[in-house]
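Open the model in your viewer and keep the selection tool ready. We start with the whole chain and then stop at two places.

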Amino acid sequence: MRGTRTTEARRRTARGAAVATAVLLGGMVPGARAAAGVQDVDTALAYTCRLPEGGQEVKTTARITAELPEAGRAGQTVQPEEQAVDLTLPEDASAVLAGSGAATVSAQTRLSVDVAQGDQRARTEWIGRTGDAVRVPETGDLTLSTSGNVPYVKPEVPGDLEFEAGALSVELTLKAADGAPAEPSALTLSCSPDTGQDARLAVVPVSAGSGEAEADPTPGESWPEDQPAEEDDELPKVGKPARQPAAADAPPCVGDAADDLSMNAFVTGYANVAKLKGATKFPLACARITQGESRIVPDGEFLHVYQDSAVDLDYKGKTQLPPASGTFLTFGFMPTTATLEMTQIPPATNPDGTRVPNIKSDLAINIAEGSTKAVTTVTLQLMLRLHDVEVNGVPLDVGDNCRTSKPFSLKLEGRMTLKDGVQEGYTLVTGGELTGSVTLPPFSGCGADEDLDNLFTASLSGVPGYVKQVQGAPCAPSQHTPGDGGVCTDALEPVDVPEARR
């Protein structure tokens, strides 16, 4: 957000905000090293993971390996390489997967890593993925090996740079023996390291620099002009997790460089249909955001920064999400496949031509504590249409106008906290996860030869379904300089392409 800080608040929170900005706006530099010597990381840590179904807990071991420089210099990057996580799930966990009908499993791991230097602390993620899918064993443990690129760290001052492992998230994609999605098709394990163990991965001694600071490995946005340089000097910059290349099916999402208030971002996610005991993944879509004016309101110990904005979905010139195919179990046993089209009813327009906001942001700065929290609420009015329906493999002609009888509201919420230099969660200008729920109204217009409204109303309507959307870091076209990299391509499309998460 622009214009959201006062001088007093800025002085008290500059250190924490600078760390958070570094975490979110840094880049990747494969192959870069701060020193010729290499130290091997090989640490086995005990984790307790919680299964989403019933909250069952399982004990597991994560072996974390990587290579880091033996030493570094202030002002030069330290780049971890060869990162891998070998995760061993016990027999009772693999039995749960096998019981779901899963024959193979793929995994993505997200390891939270704290980077500390003196009293300065930042947090980043080491993300890894399996190569080929792994067969689920009938008996015994299940071992998953993931690997991937790792964000760089750029210490600005001398002193030991410590890397410490934290929470671990494991996202599993499950498939049946015939290659079709299992039921459920995905599970997420939330794992916490057991207490009483040394979770340090490595210590990199950092000596004084040579006098010339190394440029950031990947060109990125500059530091905000209102942050005091003398306070930024002690903060280690931390790169952002490796961005994925744009998916082949990513829709066009070109921004308008002439509009100072516009941003464009990719979004994707899952929507659960409670009655059908399944979830639909919506492919990447383009979100066009118009930022509103900010207003600052003191409230006791807090300084609130409010901002009202508007967002329009855009898929091939239409205000909708891309069509998505979902396979579910109707009435608990009958496989049903349908194509879903979710169309947005755009926000209204004020008499002056501005958009009526459907995004409300509240950034609350605790001046005394130097901490910040934020809540962003996005409310979309939508219509759902169904077509290309098959029941148990047999086509069902629902006609061309099988849709919800009226618009329905989807309210999504994203939260952010910033404390002790560590930022977690969602903001409009950095992206992240938003969650909410939706209740579908009755259906109408379904059936070419017979009235099928009641069938779809009974199967889909009336029960809230959980929704999780992921917004990538947006591109602000008016602030992009060609050739500088950052969060926009030179074609003014977002660089950050998010992945849907369950």
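Show the surface first. The chain exposes about 22,500 Å² of accessible surface, and 50% of that belongs to carbon and sulfur atoms. Accessible areas come from the Shrake-Rupley method with a 1.4 Å probe; for residues, only the protein chains shown count as cover.

This is a predicted model: local features need pLDDT of at least 70, side-chain atom pairs count only at pLDDT 80 or more, and totals for chains, interfaces and linings use all residues. Residues are numbered from 1 along each chain as its sequence is written, and side-chain values use heavy atoms, with hydrogens and water left out.

Switch to cartoon. The chain has four helices and 29 strands. These are DSSP runs, numbered from the N terminus: helices (H or I) have at least four residues, strands (E) at least two.

Colour by burial. Of the 502 residues, 48% are buried. Buried means under 20% relative accessible area, exposed over 50%, partly exposed in between (1.4 Å probe, protein chains only).

Now select Asp400. It is in the loop between strand E23 (394-396) and strand E24 (402-404). Asp400 counts as exposed because its relative accessible area is 65%.

Next, select Asp256. Its loop runs between strand E14 (237-238) and strand E15 (262-273). Asp256 is partly exposed, at 42% relative accessibility. Which residues does Asp256 touch, not counting those up to four places away in sequence? Ser262 and Pro477; contact means heavy atoms within 4.5 Å.

Asp256 and Cys475 are 219 residues apart in sequence, yet their C-alpha atoms are 10.0 Å apart.
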